[in-house]
Amino acid sequence: MDRQTVGSANRGRLRVEVRTEGRSEVVTAAGELDHHTADVLRVPLETALEQGRVRLVIDCSQLEFCDSTGLNVLLGARLTADAAGGGVHLAGMLPVVARVFEITGADAVFTLHDSVEDALAD
């Protein structure tokens, strides 16, 4: 297990890119979201929320794995965004990741979209 890459948004098992699209902050997560990589996603989500970007679109189309720690990162962002009048929209989830959300019931608390384009149009 390569822990040297934890905390890097540019390399390792999880890569995160952030861009602004209109009133939304689009956060693309690619790779594996788990206990060892959760901060790679948590930090940019918290930064966006601290900057008042409370409508978050998470592009999950390249997210290959998500465990309970990753799920908690997304749930925490959702609570903060909702409290500020925004929300978290999950887009393009692969079936293996969607299954985690279905099993835990988390799919009922997030707004899910087939694609980032659909999430931005909402």
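A residue is counted as buried when its relative accessible area is under 20%. By this criterion, buried residues make up 46% of the 122 residues in the protein chain. The structure is a predicted model, and the values below are computed from its atoms.

Confidence in the model was examined along the chain. The average pLDDT of the protein chain is 91, and 90% of the residues score at least 70. Over residues 1–11, pLDDT stays under 50. For this segment the model has 15 contacts beyond four places in sequence.

The protein chain contains 4 helices and 5 strands. Read from the N terminus, these elements follow the order β-β-α-β-α-β-α-β-α. The radius of gyration is 13 Å, close to the 14 Å that the globule rule gives for 122 residues, so the protein chain is as compact as a globular protein of that length. Along the principal axes, the C-alpha atoms fill a box of roughly 40 × 30 × 25 Å. Of the contacts between residues at least 6 apart in sequence, 66% join residues at least 24 apart.

The surface and the charges were considered next. The side chains include 11 positive and 19 negative ones. The centres of these two sets of charges lie 3 Å apart.

Two positions were examined individually. Gly70 belongs to helix H2, which covers residues 68–83. The relative accessibility of Gly70 is 0%, and this residue therefore counts as buried, the cut-off being under 20%. Gly70 and Thr37 are 33 residues apart along the chain, while their C-alpha atoms are separated by 8.2 Å.

Val54 lies in a loop, between helix H1 (38–50) and strand S3 (55–66). A separation of 9.1 Å was computed between the C-alpha atoms of Val54 and Ala83, which are 29 residues apart along the chain. When neighbours within four places in sequence are set aside, the contacts of Val54 are with Leu49, Ala81, Ala84, Gly85, Gly86 and Gly87.

Conventions: Residues numbered from 1 in each chain as written. Predicted model: local features only at pLDDT ≥ 70, side-chain atom pairs only at ≥ 80, totals over all residues. Heavy atoms only, no water. Helix = DSSP H or I, 4+ residues; strand = E, 2+ residues; numbered from the N terminus. Rg over C-alpha atoms; globule rule 2.2 N^0.38 Å. Buried < 20%, exposed > 50% of the residue type's maximum accessible area, 1.4 Å probe, protein only. Contact = heavy atoms within 4.5 Å. Lys, Arg positive; Asp, Glu negative; His and termini not counted. Charge placed at Lys NZ, Arg CZ, Asp CG, Glu CD. pLDDT = per-residue confidence, 0-100.
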